[in-house]
Amino acid sequence: MNKVIMMGRIAHELELKTTPNGVSVCSFRIAVDRRYQKKDEEKKTDFFNVVAWRASAEFVTRYFGKGRMILVEGEMQTRQYTDKNGNPATWYEIIAERLHFTGEPKKDGAAASTAPPATNGQNAPSALEPPPISDDDDYPF
């Protein structure tokens, strides 16, 4: 069983891209603080690559941004590649199946909404969990 659940802050601005086949994709990194640290030691943070496809990609770029806390559920995958020096290397990434709000307060101190806001007169998504993604797509990079 391959199930990953991470909660962290988005490390950079999000950009929605489209594959040549017209499929939406968003790749980003989250910064996840470690739960424990030794006495008198600074907090340590790990960074994880996340890829969201289709409705998940559109959802994350619409309702999240740099610095925003997000909970990611998905599957850890690896890809083998050759680095710029010609050495074999491995890329680790979480393929997002579900993305969630964490209930963190907004910057103005008000409580964050539990549902995404409606914009431009359109209805907001009916659920915070986009449909599952398949792994049969080509990566756009």
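## The main nonpolar core

A nonpolar core is a set of buried Ala, Val, Leu, Ile, Met, Phe, Trp, Tyr and Cys residues joined through side-chain atoms within 4.5 Å. In this predicted model, the largest such core has 21 residues, and the members that touch the most others are Phe 28, Ile 30, Val 60, Phe 64, Ile 70, Val 72 and Leu 99. At least two residues of this core come from each of β1 (4-10), β3 (24-33), β4 (45-53), α1 (54-63), β5 (69-82) and β6 (88-100). Apart from this core lies another one, of 5 residues, which includes Val 23, Val 25, Val 51 and Ile 95.

Phe 28 illustrates how a member of the main core is surrounded. When neighbours within four places in sequence are set aside, Phe 28 is in contact with Ile 10, His 12 and Leu 14, with Phe 48, Asn 49, Val 50 and Ala 52, and with Val 60.

## Overall architecture and confidence

The protein has 1 helix and 6 strands, and along the sequence these elements follow the pattern β-β-β-β-α-β-β. Of the contacts in the protein with a separation of 6 or more, 62% join residues 24 or more positions apart. Buried residues make up 33% of the 141 residues, while the protein exposes about 9500 Å², of which carbon and sulfur atoms supply 48%.

The mean pLDDT of the protein is 82, with 74% of its residues reaching 70 or more. Over residues 109-136, however, pLDDT stays under 50, and for this stretch the model has 44 contacts beyond four places in sequence.

## The helix and its cover

Within α1, the buried residues are Ser 56, Ala 57, Phe 59, Val 60 and Tyr 63. Seen down the axis of α1, these buried residues fall within an arc of 165 degrees, so they line one face of the helix. The cover over the buried residues of α1 includes β3, β4, β5 and β6.

Asp 40 lies in the loop between β3 and β4, and it counts as exposed because its relative accessibility is 79%, where the cut-off for exposed is over 50%. Arg 54 is found in helix α1, and with a relative accessible area of 33% this residue is partly exposed.

Glu 104 is found in the segment after β6 and counts as buried because its relative accessibility is 14%, the cut-off for buried being under 20%. The side chain of Glu 104 reaches the backbone nitrogen of Met 69 at 2.9 Å.

Met 76 has its place in strand β5 and, at 25% relative accessibility, counts as partly exposed. Met 76 and Tyr 92 are 16 residues apart in sequence, and their C-alpha atoms are 7.0 Å apart in space. Leaving aside neighbours within four places in sequence, Met 76 is in contact with Tyr 92, Glu 93 and Ile 94, as well as with Asn 2, Val 4 and Phe 48. Phe 48 is also among the residues in contact with Phe 28.

Definitions and conventions: Residues numbered from 1 in each chain as written. Predicted model: local features only at pLDDT ≥ 70, side-chain atom pairs only at ≥ 80, totals over all residues. Heavy atoms only, no water. Buried < 20%, exposed > 50% of the residue type's maximum accessible area, 1.4 Å probe, protein only. Helix = DSSP H or I, 4+ residues; strand = E, 2+ residues; numbered from the N terminus. Contact = heavy atoms within 4.5 Å. pLDDT = per-residue confidence, 0-100. Areas by Shrake-Rupley, 256 points an atom, 1.4 Å probe, with all protein chains shown as cover. Arc of directions from axis to C-beta. Polar contact = N/O pair within 3.5 Å; in protein donor to acceptor, adjacent residues only side chain to side chain.
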